[in-house]
Each structure stands twice: as C-alpha cells, then as structure tokens.
Amino acid sequence: MEGTVRRLTEGNPYRVILSFAFPVFLSQVFQQLYNTADSLIVGRFLGTEALAAVSSSGTLIFLMISFFSGLSLGAGVVISRYFGAGDHERVSRAIHTTVTLGFFCGLFLTMAGIAFTPTFLRWMDTAPDVMPQAVEYFRYYFLGALAVVEYNICKDVMNAMGDSRRPLFYLILSSILNIVLDLLFIAGFHWGVWSAAAATTISQAASVILCLIHLSKKGTFYQLQLKKMNLNPRMLKEILRFGLPSGIQNSVIGLANVIVQTSINSFGKTATAAYGSYAKIEGFAFLPVTSFTMALTTFTSQNLGARKYDRARRGSRFGILSAVLLAECIGVCIYVFSPWLIGLFTSDREVINIGMHQAHTVALFYCLMALSHAIAAVCRGAGKAFVPMFIMLSIWCVFRILYILVIMQVCRKLDFIYWAYPLTWGISTAIYLLYYHFSDWMHGFEKKKR
C-alpha cells in the first residue's frame, strides 16, 4: 500500500470504522474551532453589533459553499469505489478531474460572492446598522472561497483512499494559524471585523497548499501532475452523477436555513447575535455525525466496490448507531451548559437568554438529526445519492420553508421558528428508517451497469 492510503475492506469492520472516524472527528473539532474563533473573538473584542455582522448570514456561506462540498462528496464516492476495486488508473483520473473541477468552481464562487454580497444580505433582511460591517466581513471571506472549495476536494480525495489522518494534521495547523491571526489582527492591531475574515482566508490557503504538496508526492499512483490536470469527460460525468444530488441536497438544506436566518434577522440584531452564537455551539453536535457519515460513505463505497455486501451492512449499522448515541450525548451537554456556552461569545444577558432558549428547544432532538444524516451517508456510499436528495428537498427544504412562512403569519414568535428543526428531523428520520430496512440499497452500483 502506498503512502497513507488504506483499504477499508479488510479487518474488523467496527475497528476500521472507528479508526477512520476518530481522526475525522478530531479534524471536525478543529474545523468547528476554526469557524467559531471569528465569532468568539469578534464578539468579545468588537461587541454585539460586530458579532451580529459576522452572524448575519452564516447560513448564506453554507448555502453557497455546500453545493461544491456536495460535488466533492460525489467525487469521493467514485474514488472510493475504484480504490476498493483496485483500479488505480481510474482513481488517478478521477482525482485529477476532481481537483481541476474544484479550481473552476472555487473561482466562480469567489467572484460571485464578492460581487453579490450586498444583494444577498439585503435579501436576508440584515439590520441596517449591521449591514456595513457584514458586507465588509463577507467580501473578505469570499476572497478565500477558492481555498475552501479546494480544501474540501483534497480532504475528500484523501478520505476516499482511507487517509483521514493527514487532513487532520493540516487542519490543526491552519486552525492554530487562524486563531493566532484573529488575536493579532483584532486584539493586537485593533483592526475591524474584516480582519477576522482575512485571517480565515490566509489560514484556509495554508491548508490547501499543504494538501496539494502531499497529493503531488512523487512515486504514488495518485500523484497530482500539472500535465494531467483536465476535465476528463467520462469521469466528470460519473462524478456529477454522484456529486450533483449531494450538492443539491446540501444546497436545499442551506436554502431552508437561509429562510430561517432571514426570519430571525427580522427580530433584530440581538436575535441575530443569539442565533449565530448558538449555531457555532450546535456545530459541535454535528461533529460525531460528520465523522461517522464520512466514514460510512467511504466504508460503504469501498466494500460495495469490492462486493462485500454483508460487511457493508454490518458496518453501516454500527456507524449509524454510534453517530446517534454520540450526537444525543452532546445534545444533553449543550442543553445543560447552554447559558455558559452562549456566554463565551457575549456578555449581553438578552443574547444569552435567547440563545439558551433555542438550545432548550432543539438540543435533545440531535439523535433524529444524526440518524437522518447517517443513513443518507450510507445511501451516498451505495450510489443512491438521489434518495437523500429527494428526502432533504421535500422535508428539510420545502416542508421547512412552508412551515416557516405559515408560522410567521399565524404566530410571529422565535419559539415556533426553532421548532422547525426537530419537526423536520423527525419526519425525515421516519422515512429514512423505512428506506434503509425495506429497500435494496446495497446493489446500486450493479444496477447502473445493466
């Protein structure tokens, strides 16, 4: 086996999943610290208005970036499948096509983000007194969009070949760099909110450079070479077949969350700051979910590529159960410690109370959210990416948006907006459980060949 690549088709499936998921879990911890540092330092040093500016449209960034992250997940499925089957030539072709696609997508996102930031913020009903700092922050953030897209691409490429440790090391380094630069720019130089976004852009670029250096290592079958960088038509078609549903799924979730964010923004900057602070904390509840979903997608794809069906089923059950239990444990902790956790971002008592109320409404239902994401990951790994796309589109997007629009007309209260999440998580969980137990999800790749 070359370098740090690793097959997930051999050994005890439970140990294999855990050994893959644990580095991913740690990397997600640092990713969340990375994302939280801006809000925490801005809130403490620049005040509630600056915190509201940073928080005003975090869901907008998720919406714009998540589509391209979904494409990289689709590429990971293709690479995992061929890697599990031992087809190194197609693995190399898929990697070069994916990295090239990421470059063009990143450039597009950078230009669109910088050009349309004011328009997007107005659409989201951002408070007028917050608008100047929000525009400043998000324009600088989008300068690093190319790095965000390419890091996700490189990370999913390495994960697809069983290497979840190296992306962790790179993320740790960039997270530390981001925090140091945040403190230097804001606490040291007393620069404005824009400097937090600049720190993020610099640190994201550093992580991408490290990833590309590793993938360009000579002597490996996956070596990135400039002369091979192209959009191979057949491979691009296959990547898009698996990646577009995941991208659309991520985007529709992001779209629904933008509607939620817009509704909350209409309650003023205090509600916006509280929602943004809680969102950073809630990100930690997603850590076990993300780590096990990434492990499940790679594990399922590699084993189905190697035609080890029973192993794929046993591993998927273990991963789903683990994600659910861990997410619920974190949910209980957030429920209990929410006043202190929100207080890390601000000393404003009203902001803390609103954020705490959201935690008490939502946190104990994280088990439902985790189960939906885990089964969706198994579906993607099995080549059934359209299934989670359809479920998320119908429940997490259409139904959630309709609920918000109706509830804002009938009873304009923050409490009812928060309930949009547990409600839609519960409905999607019931559908996913039925699909997982009663469908033939394990033979998706074979059916596509016929």
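**Helix packing, pair by pair**

Modeller: Happy to! H4 and H9 are roughly parallel to each other, because their axes make an angle of about 25°; angles under 35 degrees count as roughly parallel, over 145 as roughly antiparallel, 65 to 115 as roughly perpendicular, and the rest as oblique. A word on the source: this is a predicted model, in which local features need pLDDT of at least 70 and side-chain atom pairs count only at pLDDT 80 or more, while totals for chains, interfaces and linings use all residues. Residues are numbered from 1 along each chain as its sequence is written, and side-chain values use heavy atoms, with hydrogens and water left out.

Back to that pair. The axes of H4 and H9 lie 12 Å apart, and H4 passes H9 in a right-handed crossing. The residues that make the contact are Arg90, Arg93, Ala94, Thr97, Thr98, Leu101 and Trp123 on the H4 side, and Met235, Leu236, Ile239 and Thr262 on the H9 side. For the terms: helices are DSSP runs of H or I with at least four residues, strands are runs of E with at least two, and both are numbered from the N terminus. Contact means heavy atoms within 4.5 Å. Axes are lines fitted to C-alpha atoms, for helices over the stretch in contact, and angles run from 0 to 180 degrees between N-to-C directions. A crossing is right-handed if the near helix is turned clockwise from the far one by less than a right angle, and left-handed if anticlockwise.

H4 itself covers residues 88-123 and has a kink of about 65° at phenylalanine 116, shortly before proline 118. That bend is the angle between axes fitted to the seven residues ending at a residue and the seven starting there. Just after H4, aspartate 125 has a positive phi of about 60°. Lysine 237 counts as exposed, because its relative accessibility is 65%; exposed means over 50% relative accessible area, buried under 20%, and partly exposed in between, using a 1.4 Å probe and protein chains only. Between lysine 237 and threonine 119 there are 33 Å from C-alpha to C-alpha, and 118 residues along the sequence.

Now let us move to H10. H10 and helix H12 (residues 349-362) pack at an angle of about 50°, with 8 Å between their axes, and are therefore oblique to each other. Their crossing is right-handed. H10 contributes Thr270, Ala271, Ala273, Ala274, Tyr275, Tyr278 and Glu282 to the contact, and H12 answers with Glu350, Val351, Ile354, Gly355, Gln358, Ala359 and Val362.

H10 also packs against helix H6 (residues 145-160), at an angle of about 50° and with the axes 10 Å apart; H6 and H10 are therefore oblique. Here too, the crossing is right-handed. Lys155, Asp156, Asn159 and Ala160 of H6 meet Met294, Thr298 and Gln302 of H10.

Another residue of H10 is serine 291, which counts as buried because its relative accessibility is 1%. Setting aside neighbours within four places in sequence, serine 291 is in contact with Ala21, Val24 and Phe25. In the loop between H10 and helix H11 (309-343) sits arginine 307. Its phi is near 60°, a positive value in a residue other than glycine, and arginine 307 is partly exposed at 49% relative accessible area.

Finally, the core. The largest nonpolar core has 134 residues, of which Ile95, Met161, Ile334 and Tyr366 touch the most other members. H10 (residues 269-305) supplies the largest share of this core, 14 residues. Such a core is a set of buried Ala, Val, Leu, Ile, Met, Phe, Trp, Tyr and Cys residues joined through side-chain atoms within 4.5 Å. Beyond its neighbours within four places in sequence, isoleucine 334 is in contact with Tyr278, Ile281, Glu282, Ala285, Leu341, Ala359, Ala363 and Tyr366.
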